[in-house]
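Hi,

Here is the model I promised to pass on.

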Amino acid sequence: MTASGTPRRAAAPLARRRFLAGMTAGGVTLAVAGCARGTSTSPQPGTTSIANDNATWDEGYRSAGRELEKITGYALRPLSNPSVTSYQQVVQMTLQTSKASDMVKWASGYQLKRLARAGGLTDLSGVWAQYAAKGWVREATRETMSYDGKVYGVPLYESYYVLFYSKPVFRKLGLSAPSSWAELLHCADVLKRNKITPFLASQVGGWPAIEWFQELVTKVDPRFYQRLVAGEASYLDDAARQAMDIWHDFMRKGWMTSPDFDQVRGPGALKAGTVGMFLHGTWQAQGMSAVGMKPGADYGAFILPTVRPSVPKSVITESGVFAVPARASSHAAAMRNVGAWLDPSVQRVWSDFLQDSSANPTVRSSNPVVAELQRDIARERRLPLIRYWEASPPSLIQGNSNDLGGFMAGQTSPATTLRRMQERAQDEWAAWRRDEA
């Protein structure tokens, strides 16, 4: 899982130079040949190629592809690029050329809108309508897959942002998963007194800095969050200030790991009992299994409680997408595979591989921890909210992520951080709307 591109501010000019260099004669071919893991984008009978930025999912694609082949006659052939920034550049360079892959893994929301706005993607509105008629897709997510009224992506997966916690540690200390803000603070206090860091918080890689920001803002006021990411509210408003003050207080109390703590170490730290709770997407269940933790026995997960009981309950939801380049060499085959991707038989295999929730609401996760989260979300009628990374214009999110990382490193105060974020929001929203006009 990646954020599909999070260059640090200092690297932005270099990234632009590389992009322009790649557009010179031969640049596209060299970029594709040098960066993709696997074979080329040239057609191979009985397969459709998938450009993606996560090689750890290759076997999952192949397994799901074997199920797709039974339905469509075409398997999946992943082409993985380990560099997120390079991956973005290659996709953008090749999208409207004969070098485009048959299918593209991309982020939803404004990340997809930016790609669709540049042209070169296939309109998938008809595919979406067929899924909706079968109840295989959540209509509430349509907007995050659309641009200018047309659908350009089908959901690749569905993950929720939750707090994983160590069940052995909680049992030893007489704690249980908190269902209220007061209980959450109690858990953190007990963990700290027992020399266990209550929360994992990281800004390694840039994009993880958004996680605690989005969680705390939505648990202060989810409706404010919706207005904020739509450019209809200010980062200087009280709800944002309250969220940042809570975050700052947690750090001052020593309740959070150092910001240079790499999230890759998160599952191991949870297993070792050095960290009590780990905020991340439910796709991290794979990481828990990788270190030998069993769902329900060694770890559990809960959604962060609201700061006040009167606040509506919500959940941050992340969903990547499959898009189809209009000039894909195996376009007809790609359309058949995209049209069958959410078939329950395919999603059963894919969901089991991820140990996560399927984008098809009729498919229940085989991971008992994730399945219980699915039941909680339905039972509590939690308001689904798009992840911050995809929720606003990409340039705005990238810049604000850098500012949040600086805040985590102690370089700026909550007030200064929010002021910078608001100044950027004004500029970037104006630029986005100008381009829309």
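Helices here are DSSP runs of H or I with at least four residues, strands are runs of E with at least two, and both are numbered from the N terminus.

Before the rest, some housekeeping. This is a predicted model, where local features need pLDDT of at least 70 and side-chain atom pairs count only at pLDDT 80 or more, while totals for chains, interfaces and linings use all residues. Residues are numbered from 1 along each chain as its sequence is written, and side-chain values use heavy atoms, with hydrogens and water left out.

**The whole chain**

The secondary structure of the protein chain comes to 19 helices and 13 strands. For 437 residues a compact globule would have a radius of gyration near 22 Å, and the 21 Å of the protein chain agrees with that. (That radius is taken over C-alpha atoms, and the globule rule is 2.2 Å times the number of residues to the power 0.38.) Along the principal axes, the C-alpha atoms fill a box of roughly 60 × 45 × 40 Å.

Buried residues account for 58% of the 437; buried means under 20% relative accessible area, exposed means over 50%, and partly exposed is in between, with a 1.4 Å probe and protein chains only. The chain exposes about 17200 Å², of which carbon and sulfur atoms supply 52%. Those areas come from the Shrake-Rupley method with a 1.4 Å probe, and for residues only the protein chains shown count as cover.

Among contacts between residues at least 6 apart in sequence, 76% join residues at least 24 apart. Contact means heavy atoms within 4.5 Å. As for charge, the mean positions of the 50 positive and 38 negative charges are 3 Å apart. Lys and Arg count as positive and Asp and Glu as negative, with His and the chain ends not counted; each charge is placed at NZ of Lys, CZ of Arg, CG of Asp or CD of Glu.

**Buried polar side chains**

Back to threonine 72, which is buried at a relative accessible area of 7%. Its side chain makes a polar contact of 2.6 Å with that of asparagine 337. (A polar contact is a pair of N or O atoms within 3.5 Å; within protein, one must be able to donate a hydrogen and the other to accept it, and residues adjacent in sequence count only if both atoms are side-chain atoms.) Neighbours within four places in sequence aside, threonine 72 is in contact with Arg336, Asn337 and Ala340.

Serine 80 lies in strand E2, residues 75-80, and counts as buried at 1% relative accessibility. Which side chains does serine 80 join through a polar contact? One is asparagine 52, at 3.3 Å, and another is aspartate 58, at 2.6 Å.

Threonine 412 is in the loop between helix H18 (394-408) and helix H19 (414-436). It is buried because its relative accessibility is 16%. The side chains of threonine 412 and threonine 417 are joined by a polar contact of 2.7 Å. Beyond four places in sequence, the contacts of threonine 412 are Asp403, Gly406, Phe407, Thr417 and Arg420.

Tryptophan 432 is in helix H19 and buried at 7% relative accessibility. Its C-alpha is 9.7 Å from that of leucine 396, 36 residues apart along the chain. With neighbours up to four places away left out, its contacts include Tyr110, Lys113 and Pro393.

Valine 311, in the loop between E10 and strand E11 (314-318), is buried at 8%. Arginine 223 is 88 residues apart from valine 311 in sequence and 9.4 Å apart in space, C-alpha to C-alpha.

**Loops to look at**

Lysine 294 is in the loop between helix H13 (285-290) and strand E10 (299-302), and is exposed at 56%. Aspartate 148, in the loop between strand E4 (146-147) and strand E5 (150-151), is exposed at 69%. It has a positive phi of about 55° although it is not a glycine. Glutamine 355, another non-glycine, has a positive phi of about 60° and is in the loop between helix H15 (344-354) and helix H16 (368-379).

Cheers
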